[in-house]
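Please follow the account below with the model in view.

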Amino acid sequence: MEQESVVAKPRDVMPEGAKTLPARYYTDPVLFAAELDGLFGRMWFHAGRSEEASRPGQYFVREFNGHDIVVTRNSAGAVRAFHNVCRHRGTRLCTGPSGQLSGSLQCPYHAWTYDLDGRLIGAPHMDEVPHFRKADYPLLPVHADEWDGHVFLNLTDTPEPLHAQLGALVEKFRDWRMQDLRLGRRIAYDVKANWKLVIQNYNECLHCPNLHPALNRLSHYLSGENEPLRATYMGGRMDLRPGVDTLSWDGTCPRAFLPGLSAEDRRRVYYYAIFPNLLLSLHPDYMMTHTLWPIAADRTVNVCEWHFHPSELARGGFDPADCVEFWDMTNRQDWQVCELSQAGIASRAYVPGPYSNREDLLYAFDRFVVDFHERYAERRA
Ligand code: FES
Ligand SMILES: [Fe+2]
């Protein structure tokens, strides 16, 4: 039997010459448009939380890539999404970013009225129009589905099931009972960087000692391990240092741990980028999400939310400042280097640079991006 070597071999995970991508992947509006069309336009993308449309008629609106979409819940309790466009003369139906419908959607212009499944149920003065049938003019639907309290949308006609896209994540994160958690705080950041730079920054912590000394004091930047890149997500975990209970200003945890977590998972933070636009960060006592909304090749709106167990939110004097302010500082440090990366990559002097072995997920993500563009170009040829 071969004797196991006790000498650590050098990590050999990167192909020779592995380098970052050419600038055009971060700056070219044509490639950016292809990503909106071929990735965001075809995959299930994260839109919000189930609690934002928890009752029949409660709704929220998302405007993205020329779409204006209302997400609500029907009387049977199923999440529904529609283009926010009246079938009469096109008027926007829901005018605010969120609200409560009284059981139907009524156009503010001529009062065409739709039920919560999108059926046209009232169309004043149309009875006298020959051949007009209400059944021919439902709201245009958008596929909507939920995973553990997260609402996803899909703009294709016949998408694969959401859970097929999420794969093993559905089982992997069941213990966090994300559907039970409720929003404690939301901060939207406008980042002058390509959305892929935000994802790449999220998936490596080599920058942590330099950029995030406070984070590195709580969780060593080389702790934990990554999963290999999967078809629709990538991520890994990092370990809390001894004596640290969560990621907060001082590492103490003023909240109870989430119920259902194993002793191991109470010592870890999981960071998963779920393509194309959800960054899911699971802490022992709270969930942080970033939802990315690419606006231009060099601009991404990034909505960060902190979600807590309802028993903590209900506690008198609940104050999430310890973790919100810690992450807000860390977020801003990250967005600053993302913006500096964007600026440098956009410079005419930029040439692709070599990756370290600790940047294996980034290199794998680059291959995902390059493969996508090759397949997209082939389909267009
Ligand atoms: S445009 Fe909506 S009812 Fe006329
Ligand atoms: Fe960072």
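Two strands are said to pair if DSSP finds at least two bridges between them. Strands (E, at least two residues) and helices (H or I, at least four) are DSSP runs, numbered from the N terminus. This is a predicted model, in which local features need pLDDT of at least 70 and side-chain atom pairs count only at pLDDT 80 or more, whereas totals for chains, interfaces and linings use all residues. Residues are numbered from 1 along each chain as its sequence is written, and chains are lettered from A and ligands numbered from 1 in the order in which they are written.

Seven strands form it in the order β11-β17-β16-β15-β14-β13-β12, with antiparallel pairing. Its edge strands are β11 (182-191) and β12, each of which pairs on one side only.

A hairpin of three connecting residues then joins β14 to β15. The two strands pair in the antiparallel sense over five bridges, and I274 stands opposite L278 in β15. How far is strand β15 (residues 278-282) enclosed by the rest of the structure? Four of its five residues are buried, so β15 is largely enclosed. A residue counts as buried if 20 or more other C-beta atoms lie within 10 Å of its own, as exposed if 12 or fewer do, and as partly exposed in between, with C-beta atoms placed from the backbone.

The loop between β12 and β13 holds E227. This residue is partly exposed, with 15 other C-beta atoms within 10 Å. Contact between two residues requires their C-beta atoms, placed from the backbone, to lie within 7 Å. Leaving aside neighbours within four places in sequence, E227 is in contact with M234, G235 and G236. By contrast, E227 and R62 are 165 residues apart in sequence and 32 Å apart in space, C-alpha to C-alpha.

Strand β2 (residues 58-64) pairs with β3 in the antiparallel sense over five bridges, with F60 opposite V71 in β3. Two residues separate the strands of this hairpin, and N65 takes a positive phi near 50° there. Five bridges likewise join β3 to strand β4 (residues 79-83), and these strands run antiparallel. T72 stands opposite R80 in β4. The hairpin of β3 and β4 has five residues between its strands, and in it G77 takes a positive phi near 95°. Five of the seven residues of β3 are buried, so this strand is largely enclosed by the rest of the structure.

The helices complete the picture. Two packed helices are described by the angle between their axes and the distance between the axes. Helix α2 (residues 29-40) and helix α10 (residues 360-380) pack at an angle of about 85°, with their axes 10 Å apart. Axes are lines fitted to C-alpha atoms, for helices over the stretch in contact, and angles run from 0 to 180 degrees between N-to-C directions. The two helices α2 and α10 are therefore roughly perpendicular to each other; angles of 65 to 115 degrees count as such, under 35 as roughly parallel, over 145 as roughly antiparallel and the rest as oblique. At their contact, L31, A34, G38 and L39 in α2 meet F372, H373 and Y376 in α10.

The buried residues of α10 are D360, L361, L362, Y363, F365 and D366. They pack against α5 (195-202), β12 (225-226) and β13 (233-239), which returns the reader to the sheet. Eight of the eight residues of α5 are buried, so this helix is largely enclosed by the rest of the structure.
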